[in-house]
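I opened the notebook and listed what to look up. The entries follow in the order I took them.

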Amino acid sequence: MEALKLEMLSPLHIGSGETLTPADFIANESEIIVLDLNKLFNMLISIGANIDEITEILETESYPWKKILKKYNLNPKEFERYSLKLIGNKGKYSMQVRAFIKSGGYPYIPGSSIKGAIRTAIMYKIVKNNPELLNQAVRKLYNEVKDLNSRGIGRVIKTADNWLEARIFGCNNRGYYEPKKDTLKGLIIRDSERISPRKLKVYGVWTIGERGTIPQYVEGLENVKIDFEFTIDENLLKLNYGEFNGTLKDINWEFIENALREFYEEVIKVELREIHKYGRYRDEVLEFYQDMQMKLESGEIPIRIGWGSGWYSTTLGVLLKTHPNFENLRRKLGLGRNPKTKKIVNDFPKTRRVANKKPLGWCFLKC
């Protein structure tokens, strides 16, 4: 195993699927204190508190625990599981916080998140150098979308995605993607080391480009460096070479580095061309991306992971948007449809997510 180091440049959130509500914490203007509810309820019962009244307050108040603890003269710090610095303003009426993925209470970065981003970058590199693959994928989508109602669109997009994945990473006799034929099974990336919960913060995330939106809140990490273990299993690659029937026949770290650089350099160029979409955060995001470009020139390896990374960073959108048939196809697929007005936007993708005045999920990878 070799060592990888991930440096988080902007707020990064990888969700656990759990959500913290005001019934779980006390929110101050600059801090959220997540409570040990068992300890707190045991204390309330021991001092003879009115549990029916407390239950009513929990069900009706936006931030119930501040009122309850004040009434019984209890210090929230005595019932703290952990506290999180709040980046942004506290929700006016109520706020729910998406929890970061953890193991045993410690946040970590799944190796699958790193590998997934590498996979997208490799797809980009191969398709960019073989435009006919993109032409075939677009033609396949175009043929399947004919006379299709909106209920089948998700299936069609998935089918086309699987088709492209099968051609690049390997397929079975029926032409479907087959993990056993996938060259990337030789790339093994472990989950990161455990990270101190004290490094987590709560970020208010704004969706720019939508009217009347309110911030979403997430547990996130920023300015943190962590270690991974990874290996490229050369014996496995040699033993299975004859089985690999996709475009990708072999991998090494230099190829992965180049794929990451080529893909994310293009993503950054597109983001800079569309910098106006960052609205009131335009200047700060412009400075962030310009700084990234300078560091890329000095040899840094970019990677973008986690929630809110955006369409360009999680798809082959930077290539698709250059295809002459993409716009017509996008409208048939309903990509960019406003969920409220049902109209399809003219300028897709229209929205961006911003936290702490930065785009989400950007990191550098060091080997």
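In which helix is Arg261 found? I located Arg261 in helix α8, residues 253-273. Helices here are DSSP runs of H or I with at least four residues, strands are runs of E with at least two, and both are numbered from the N terminus.

**Ground rules.** I am working on a predicted model, where local features need pLDDT of at least 70, side-chain atom pairs count only at pLDDT 80 or more, and totals for chains, interfaces and linings use all residues. Residues are numbered from 1 along each chain as its sequence is written, and side-chain values use heavy atoms, with hydrogens and water left out.

**Arg261, continued.** Arg261 counts as buried because its relative accessibility is 18%. The cut-offs are under 20% relative accessible area for buried, over 50% for exposed, and partly exposed in between, with a 1.4 Å probe and protein chains only. I then listed its contacts, meaning heavy atoms within 4.5 Å. Leaving out residues up to four places away in sequence, Arg261 touches Gly299, Glu300, Ile301 and Pro302.

**Whole chain.** I counted twelve helices and 16 strands in the protein chain. Its C-alpha atoms fill a box of roughly 70 × 50 × 45 Å along the principal axes. The chain has 367 residues, and 47% of them count as buried. I looked at contacts with a separation of 6 or more: 78% of these join residues 24 or more positions apart. The accessible surface comes to about 19,000 Å², and carbon and sulfur atoms own 46% of that. That area is from the Shrake-Rupley method with a 1.4 Å probe.

**Charges.** I found 59 positive and 47 negative charges, with mean positions 5 Å apart. Lys and Arg count as positive, Asp and Glu as negative, while His and the chain ends are not counted. Each charge is placed at NZ of Lys, CZ of Arg, CG of Asp or CD of Glu.

**Gly220.** I found Gly220 in strand β11, residues 216-220. Gly220 is buried, at a relative accessible area of 1%. Ser10 is 210 residues away along the chain, yet the two C-alpha atoms are separated by 9.4 Å. With residues up to four places away set aside, Gly220 touches Leu12, Phe100, Lys199, Leu200, Lys201 and Tyr203.

**Ala355.** Which residues does Ala355 touch, not counting those up to four places away in sequence? My list reads Pro11, Tyr203, Gly204, Val205 and Leu360. Ala355 sits in strand β14 and is buried, at 1% relative accessibility. I also took the C-alpha distance from Ala355 to Gly204: 6.1 Å, across 151 residues of sequence.

**Helix α12.** Which residues of α12 are buried? In this helix, residues 326-333, I noted Phe326, Leu329, Arg330 and Leu333. They line one face of α12, because seen down the axis they fall within an arc of 105°. The arc is that of the directions from the helix axis to the C-beta atoms. An α-helix has 3.6 residues a turn, so residues three or four places apart point the same way. After α12 comes Gly334, with a positive phi near 80°.

**Backbone checks.** Most residues other than glycine have a negative phi, and most peptide bonds are trans. I logged the exceptions that follow. Asn73 has a positive phi near 55°. Asn73 lies in the loop between α3 (64-71) and β5 (80-87) and counts as exposed, at 71% relative accessibility. Lys342 also has a positive phi, about 70°. Lys342 is in the loop between α12 and β14 and is exposed, at 52%. A cis peptide bond joins Phe348 and Pro349, with omega about -10°. Pro349 has its place in the loop between α12 and β14 (352-355).

**Cysteines.** How many disulfides does the rule give? The rule asks for a pair of cysteine sulfur atoms within 2.5 Å, and the count comes to zero. Cys363 is buried, at a relative accessible area of 0%.
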